[in-house]
Structure formats: C-alpha cells, structure tokens
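I wanted to look through the backbone and the surface of this model and keep notes as I went. These are my entries.

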Amino acid sequence: MIEIHQVKNHHQLKQFVQFYYDLYRGNKYAVPYLFFDEMATLRSDKNPSFECCEAAYFLAYREGKIVGRVAAIINRRANERWNCHQVRFGWFDFIDDIEVSTALLKAVEDWGRERGMSEIAGPLGFIDTDREGMLVEGFDQLSTMYINYNYPYYPQHMERMSGFNKDNDYVECKVKVPEKVPEKFSKITELVRSRYGLRVHKFSRKELIEGGYGKRVFDLLNATYKDLYGFSQLSDRQIKKLVNDYIKIADMNLLTAVMDGDTMVGFGITFPSFSRALQKTRDGRLFPFGWWHVLKILKWHKTPIVDLLLIGVLPEYRAKGANALIFDDLIRWFQRYGFEWAETGPQMETNEGVLSQWQYLEAIQHRRHRCYRKKF
C-alpha cells in the first residue's frame, strides 16, 4: 500500500530534500546538491519565483518509510506565454517500484486538475535556470550540480506509464579544452572585431553588483532565451536573486561579455566544476568539513573540469560571429587555469545553431535529458 502525503511543514520539507541524498548515497556519478540551496528554492518565502508560481510537494510512504517524492508546480507566467494550462512535475525521485512513481505523478495530476490544469509536463523547475529533464542517456557520466541525475529505471517507468510522451530532449557535450585556440576561432574573432567593431569586455565585480551589469546580463538572457522550451521571462526580483547566487561568487576571469559600443550583445558565464567537491560533503551540507572542498574550487580551481553555465548572444549578432569572441577569450582563461574539459549545459537537440558551435572543438555528446508531457 502506497500512501501519498502533501508536505505541510518545515520538518517534512527537510525530509523531502533529504530523500535524494538517501537514495543516491554512494553513487559515484550523482552529485549532491547544496542542502541549503534546495531548501531555499522550495520555500515560498525565499524563492522569488513564487510571484508567478504556486507549488505543492508530495512524499510517498510504504509502511511508514519514505519511498519517493515529487514537486507539483504551476508557472502561470509560462502558461500564459505558451498558451497552455500545464502543471509541472519536478524533484521527482523514487525507488524502483512502478506503483510509487505512478502514485506520485497521479498526485501531481490531481493537484493540477483541481486548479484548472489540463496537462502535466516535466521534469521541470520553477524557471528555466532550475534543473530540467530526466536523464535518459549517460548514466555512467559524472553529473554536475546544475542538472538532474537519476537511475536508469526512471525513464523505464515513464515509458510504462500510460499517456506520457517525449516533449523535448536536451543534450550535453563534454568538450576538450584545446592546447591552443582553434585557428577558425582566431580568424573569426579578428574579422568580427575589424568588420563590426565588437569587443570583449571583462567585468569587475563592482560593475556587476553596483553598476547594473548583472541585471543587464539576465535581461539579455530574457531576450536570447525567450523562444526556448518552457521559458518564462525573469522578473527583477528573480534576476536579483540570480545575481546574488552566482555573480557575487564568480571568478571574473571566467565571465565574458561581448559589446557593441556600450551595448552588451552577448555573454558567457562559466564556473569551475564543483562536482567532486560536493561528493565529499555530507549530504550537500557545507559543515563541518564540506566548505573546505568547495573553497578549494572557488579560490584555487582545484578541478580539471569547467562548467559552461550560461551563454547567450542576441540573434542578430550570432550571424556576425559574436560567439567566437566569447570562446576565444574563455578558452585562453581555461588554459591558464589548467582546465582539461568543459561541460556544456543542456542544449535543445533541435537547436542546430548552438550545437554547431562545437564543430571546431573536440566535443562528445555524452548525456541526454528528456521532458515528458501528458494531457488529461
């Protein structure tokens, strides 16, 4: 007998977050997410996404033991943008029991139906910068803190459930950092600079925090990501949180902007990989000793991997080669820091323009994530 209970208090929310660590403890490919970050994301008083979202969290129990979890989310801004009545499911984890996974998604459907929704889709978060998609390829690849990792039985369950179909696939690539900048990038970079007057700009932290450039980065993200699957525009409050979460701790050398005069037309945000450091924490907690492993990455880049977190270029500047300026600059910094590999973020499999930019580098597609959808 499976019992489904909605999370009603802080203690239950901690149990909801803790379940992931218990399920994946000892898995050499899964990366523990930061516990305090997970808690803050799921709390309506901490996450500004609740200005356009509502959510409920459900735990599955068998004989008094937690055996699964799921979040139900309605992003009304996204539903208006895409003209749908959709409830999202995310934070979807469960033991290998089809009764558990089915009961959890039924709870999301029922909750959504009560609020006028007519379809369910996921895994999705509150907004596009949250983790999206279920891993369907690449189970033997080290994950990152920015993507979902799950056991191979997850998609097997989805295929067995009635009504769920593939809605969107993301692919990720592992890219070797070259010993020298590819000649193609160098030539395009010089051409772009001379013909269009575009230039690379390296931010100071003061510019980003106090000078308004941090907001301009995410305003540009709104413009460049607006037509991507499930995207909803970021508000000023959401942007402020993203600046606080990422920009304040970023290495300025690993952030690059492309400028046309005084106008920012592209950006690249990269971070040294925290994957191995987080695996050394106790269930994603920085204390008592986890902070030291994370600090070594932040301060001294003690990792061979760099994560390509966010890259965006205005459509009219992509054809002008603005992307080459970003990569030309970042590759040089990757070389100085001794990074050997770069991990891309999720890229839509249909986005040929983005995927084609890896053709001049040694890139291997090594993971795939899938979003499912069902009408009810």
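I began at the end of α6, where I found that glycine 197 follows the helix and has a positive phi, near 70°. The model is predicted, and I kept that in mind throughout.

I then checked the length of helix α6 (residues 183-196): at 1.5 Å a residue its 14 residues should span 20 Å, and its end C-alpha atoms are 19 Å apart, which agrees. Which residues of α6 are buried? I noted Phe185, Thr189 and Val192; they cover an arc of only 70° around the axis, which puts them on the same side of α6. Residues three or four places apart in an α-helix point the same way, because there are 3.6 residues a turn. The cover over the buried residues of α6 includes β8 (198-201) and α13 (322-337), while the face turned away from the buried side carries the exposed residues Glu183, Lys187, Ser194 and Arg195.

Next I looked for positive phi values outside glycine. Glutamate 63, in the loop between β2 (53-62) and β3 (65-75), has a phi of about 50° and is exposed, with a relative accessible area of 81%. Tryptophan 91 lies in strand β4 (residues 86-94) and has a positive phi near 50°, but this residue is buried, at 11% relative accessible area.

I also recorded cis peptide bonds: one runs from glycine 122 to proline 123, with omega near 5°, and another joins phenylalanine 287 and proline 288, with omega about 10°.

Technical notes
Residues are numbered from 1 along each chain as its sequence is written. This is a predicted model: local features need pLDDT of at least 70, side-chain atom pairs count only at pLDDT 80 or more; totals for chains, interfaces and linings use all residues. Side-chain values use heavy atoms; hydrogens and water are left out. Helices (H or I, at least four residues) and strands (E, at least two) are DSSP runs, numbered from the N terminus. The expected span of a helix is 1.5 Å times one less than its number of residues. Buried means under 20% relative accessible area, exposed over 50%, partly exposed in between (1.4 Å probe, protein chains only). The arc is that of the directions from the helix axis to the C-beta atoms. Contact means heavy atoms within 4.5 Å.
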